[in-house]
Amino acid sequence: MNLLKNVYLFISLSVFTYVANAQSKTNIEVNFDKNIAPMKPIWAWFGYDEPNYTYMKDGQKLLTEISKLSPVPVYVRAHNLLTSGDGTPALKWGSTNAYTEDAQGNPVYNWKIVDQIFDTYVKRGIKPLAQIGFMPEALSTKPLPYQHKWKPGAPYDEILTGWAYPPKDYKKWGNLVYEWVKHCVERYGKAEVESWYWEVWNEPDGAYWRGTQADFFKLYDYAADGLKRALPTAKIGGANVTGGGTKYLDAFIKHCLTDTNHVTGKIGSPLDAVLFHAKGSPRVIDGTVVMSIRAQLRNIDANYKIIRKYPQLKNIPVIIGESDPEGCAACGMSTNPENAYRNGTMYSSYTAASFARLYELTDQYNINLLGAVTWSFEFESQPWFAGFRDLATNGVDKPVLNVFRMFGQMKGNRVEAISDHMYHLNSILDSSIRKTQTDIGVLASKAERTAAVMVWNYHDEDKTGKKDAVSISFNQLPVKTVTVTQYLIDTENSNSYTEWKKMGSPQTPDAKQIATLEKSGQLKMMGKPSKFNTGSGAFEMELARQGVALLKLDW
């Protein structure tokens, strides 16, 4: 009897183990004959607070890398393009001194620094998403104090100085915009400036604007009027509200469509694009960083609903002016421990998983999304891997930048891709990615003689885990044999942070160490490209938790 029990137990455990192993394998099917929509490079948009980093050593290096990884011109948005000061950068600060006044109160325009910023972009084929802000000291209704001394850990309100207030003379404000745009046309040419987008201010529904809603609408009208006087074909939009600012965005759209314009006295104000922000909300729970991809996607969903209310806005260009896992790029992990996700692969896998859902959500609402700005750049001369939300540290690329290198290889059309371990969009909007099972998802594209398949293994909890087996079926390709090139981001690959920690986390690495770090920060090819017969079965691979892989297929 005991023998029979043991045999039964052995068989039961064997069956359980087999089922568990079978369930642990992720099966993915990519149907290359089923087009969904063009593979729009909505990811090729970036931004940052500190515009003077643009033309500094590491800033120029990173912008060059960003421009090279994208198949289309990258757009860049920066704060403080009209802020008064000598151009010395600081965290959450920048200045150009574009506008001052003489002793008689007459405007004095100086485009030297802002030209240096835009020259750096244009030289690399980058386009400005030009932010008209903030308020020059000479125009502010409350100019003093003006330049703040904020540092990470200090109260956020300390940044709210004279630059955040309405102008004392709206006509001078409108003329400042007119002169700036006219100068840009003279310097860069009409066709170049026509390809840019312009927008007014930043998050006027939040801390960045110390006036009323009516004051902001007036500010927008005068800015739009100045821009259109200088270049009638220039494109302007707003309102770049905070992630939760749907009511404000609704009021702004109504103003542009139906209110009396403060400048012309006619109905309506120019609106060539609608902009809003979307942010996640990480927390530290029991010592572990736990992300909230749901919060960011819910911001997008709520703002899409506002835009869809207006039939006049059908097909209007939409830009998510900031689209990130949380709010403060310049708040490092020493003061904000929830930001510890930024150095390693959590940031990369989150980026892959969130952009894939952004495509899906945009399809559902039939929105003409041009881009989603990743508010992440670099912080010049700061400690190595200080936990800022940046793409590189001291000229060394972080893992997250390699996700954008992967996106840069995805061209043509998005095609149908199905994973049996991928969370449904509605489930994420309801409860994020918090269940035991990780989100092993897929995004795929196909062009004339090439295709790409991105796979990620993401979970909101920043924990490592075993590698998961993944089986990918390449269906309905025009040929049987393809050349597969595999790229990987995980703890050991395409990961300068891991390499830096192996060195002992040096804050003054020598030249040899820096060269090693720079190499480890690049997107790593796994082995060599190899031939694969799609008729012989599925492509097998393994992917660690918080890892991202790209398979590039050529024929």
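## Strand S20 and its partners

In strand S21 (residues 524-525), Tyr487 has Met525 as its bridge partner. Two bridges join S20 to S21, and the two strands run antiparallel. Strands and helices here are DSSP runs numbered from the N terminus, with at least two residues (E) for a strand and at least four (H or I) for a helix. Two strands count as paired if DSSP finds at least two bridges between them. This is a predicted model, in which local features need pLDDT of at least 70 and side-chain atom pairs count only at pLDDT 80 or more, while totals for chains, interfaces and linings use all residues. Residues are numbered from 1 along each chain as its sequence is written, and side-chain values use heavy atoms, with hydrogens and water left out.

Tyr487 also has a partner in strand S24 (residues 548-554), namely Leu550. S20 and S24 run antiparallel and are joined by seven bridges. Then there's strand S22 (residues 530-533), antiparallel to S20 and joined to it by four bridges; here Thr483 stands opposite Lys531. S20 itself (residues 481-489) has eight of its nine residues buried, so the rest of the structure largely encloses it. Buried means under 20% relative accessible area, exposed means over 50%, and partly exposed is in between (1.4 Å probe, protein chains only).

## Aromatic pairs

The structure holds 47 aromatic pairs. Rings of Phe, Tyr and Trp (its six-membered ring) pair if their centres lie within 6.5 Å; planes under 30 degrees apart are stacked, over 60 edge-to-face, and the rest tilted. Take Tyr53 and Phe379, an edge-to-face pair at 6.2 Å centre to centre with 75° between the planes. This pair links distant parts of the chain, 326 residues apart: Tyr53 is in the loop between strand S2 (45-48) and helix H2 (57-69), and Phe379 is in the loop between strand S13 (368-372) and strand S14 (392-393). Tyr53 is buried at 3% relative accessible area, and Phe379 is buried at 6%.

Phe355 and Phe407 make another edge-to-face pair, with ring centres 5.7 Å apart and planes at 65°. Phe355 sits in helix H9 (residues 345-365) and Phe407 in helix H10 (residues 399-407), so this pair ties together parts 52 residues apart in sequence. Phe355 is buried with a relative accessible area of 5%, and Phe407 is buried with 0%. Elsewhere, ring pairs link a cluster of residues, including Trp163, Trp173, Trp201 and Tyr208. For a charge on a ring, look at Arg229: its charged end sits over the ring of Tyr178, 4.8 Å from the ring centre. (That label needs NZ of Lys or CZ of Arg within 6 Å of the ring centre and within 35 degrees of the ring normal.)

## The largest cavity

What does a search of the whole structure find in the way of cavities of 30 Å³ or more? It turns up five. A cavity is a set of points on a 1 Å grid over the protein atoms alone where a 1.4 Å probe fits but cannot get out, and lining residues have an atom within 4 Å of a point. The largest cavity has about 100 Å³ of space, a volume being the space filled by probe spheres set on the points, which are joined across faces, edges and corners.

Its lining has 13 residues, with Gln296, Ser323, Tyr350, Ser354 and Phe355 nearest the centre. Helix H8 (293-308), strand S12 (317-324) and H9 each give two or more residues to the lining of the largest cavity, and H9 gives the largest share, six residues. The lining divides into seven nonpolar, five polar and one charged. (Nonpolar covers Ala, Val, Leu, Ile, Met, Phe, Trp, Tyr, Cys and Pro; charged covers Asp, Glu, Lys and Arg; the others, Gly among them, are polar.) Ser354 is in helix H9 and is buried at 8% relative accessible area. Ser354 and Tyr458 are 104 residues apart in sequence and 9.9 Å apart in space, C-alpha to C-alpha.

Most residues other than glycine have a negative phi, and most peptide bonds are trans. Leu144 and Pro145 are joined by a cis peptide bond, with omega about -5°. The bond from Gly238 to Ala239 is also cis, with omega near 10°, and Ala239 lies in strand S8 (residues 236-241).

Glu203 isn't a glycine, yet has a positive phi of about 45°. Glu203 counts as buried, at 14% relative accessibility.

Note on methods
On a 1 Å grid over the protein atoms alone, a cavity is a set of points where a 1.4 Å probe fits but cannot get out, and a pocket is an open set with protein on both sides within 12 Å along at least five of seven lines; lining residues have an atom within 4 Å of a point.
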